[in-house]
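Subject: Structure handover and findings

Hello,

Here is the structure we talked about handing over. Please look through it alongside the notes that follow.

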Amino acid sequence: MSFISGFAQNSRFYDFRVKTLEGKDFDFSTLKGKKVMIVNTASNCGFTPQYKDLEDLYEKYRDELVIIGFPANNFANQEPGSAEQIRKFCTEHYNITFPLMEKISVKGDDIHPLYKWLTSKIENGVMDSQVKWNFQKYLIDENGKLVDVLYTKEKPGSDKTIGWLTSK
């Protein structure tokens, strides 16, 4: 059984390379040994104030945690802006310092390969899920293994998140 599971995995978390919001290469292999929270973000959403919660969490746990935001326009056209507009919004309104990547698609026919990995048990070896709305969070452990998904209404600094962060 483990052979089949391992065989089915097409890639590992640390194999991914993406572009930052500014167009620079970002290699996930640099995240080894850290816990990672991947979150799809949007500037015009009722949950956009979670940017503040994400930044607060990042500031408090930055030695153990990397938060990576992926702007996405998959839900009700709530992230229509360009990279420059997104960066300006995030800086002026929330002083975001955690890494923001280029705008991607988190579902559908044009789903980004990272989100295909996050949402497919065949890819990640752990669970299937679907991105239901903006500010859904995926938790990755220090070894690059998908641990859990936190849906939009669960705030970044929830007891569940803090418990995961502080567990060894």
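I start with T20: setting aside neighbours within four places in sequence, T20 is in contact with F26, L100, M101 and E102. The residue sits in the loop between β1 and β2. T20 counts as buried, because its relative accessibility is 14% and the cut-off for buried is under 20%. Please keep in mind throughout that this is a predicted model.

Another loop position is S29, between β2 and β3. S29 is partly exposed, with a relative accessible area of 27%.

Sheet

Four strands make up an open sheet, in the order β4-β3-β5-β6, with mixed pairing. The edges are taken by β4 and β6; each has a single partner strand, so one side of each is left without a neighbour in the sheet. On average, neighbouring strands of this sheet are turned by 20° against each other, direction ignored.

Two of the pairings can be described further. β3 and β5 run antiparallel and are joined by four bridges. In that pairing, V36 stands opposite I140 in β5. β5 and β6 also pair in the antiparallel sense, over four bridges, and here K137 stands opposite L150 in β6. β5 and β6 form a hairpin with five residues between them. In the turn, G144 has a positive phi of about 80°.

Nonpolar cores

The largest nonpolar core has 27 residues. Which residues have the most contacts inside it? They are F13, F28, I38, I68, F70 and Y115. The elements that give two or more residues to this core are β3, β4 (65–71), α4 (113–119), β5 and β6. The largest share, four residues, comes from α4.

Leaving aside neighbours within four places in sequence, F70 is in contact with V18, F28, I38, V39, N40, T41, M101, E102, I104, L114 and Y115. M101 and E102 are also among the contacts of T20.

There is a second, separate core of 20 residues, which includes Y51, L65, L150 and W164. L150 is the residue that K137 stands opposite in β6.

Salt bridges

How many salt bridges does the structure hold? The count is nine, and three of them are described below.

D27 forms a salt bridge with R17, with the closest N and O atoms 3.5 Å apart. D27 lies in strand β2 (residues 25–27) and R17 in strand β1 (residues 17–19), so the pair ties together parts that are 10 residues apart in sequence. D27 is partly exposed, with a relative accessible area of 24%, while R17 counts as exposed at 58%.

K35 forms a salt bridge with E142, where the closest N and O atoms are 3.9 Å apart. K35 lies in strand β3 (residues 35–41), and E142 is in the loop between β5 (137–140) and β6 (146–150), so this pair ties together parts that are 107 residues apart in sequence. A salt bridge here requires the nitrogen to be within 4 Å of the carboxyl oxygen, and the 3.9 Å of this pair should be read with that cut-off in mind. K35 counts as buried, at 4% relative accessibility. E142 counts as partly exposed, at 30%.

The side chains of R62 and E59 also meet in a salt bridge, at 3.1 Å from N to O. R62 is partly exposed at 35% relative accessibility, and E59 is partly exposed at 42%.

Helix α3

Helix α3 (residues 83–94) has 12 residues, which at 1.5 Å a residue should span 16 Å. Its end C-alpha atoms are 16 Å apart, which agrees with that expectation. The helix is followed by N95, whose phi is positive, near 50°.

Regards

Technical notes: Residues numbered from 1 in each chain as written. Predicted model: local features only at pLDDT ≥ 70, side-chain atom pairs only at ≥ 80, totals over all residues. Heavy atoms only, no water. Buried < 20%, exposed > 50% of the residue type's maximum accessible area, 1.4 Å probe, protein only. Pairing = 2+ DSSP bridges. Core = buried A, V, L, I, M, F, W, Y, C linked by side-chain atoms within 4.5 Å. Contact = heavy atoms within 4.5 Å. Expected span 1.5 Å × (residues − 1). Axes fitted to C-alpha atoms, helices over the stretch in contact; angles between N-to-C directions.
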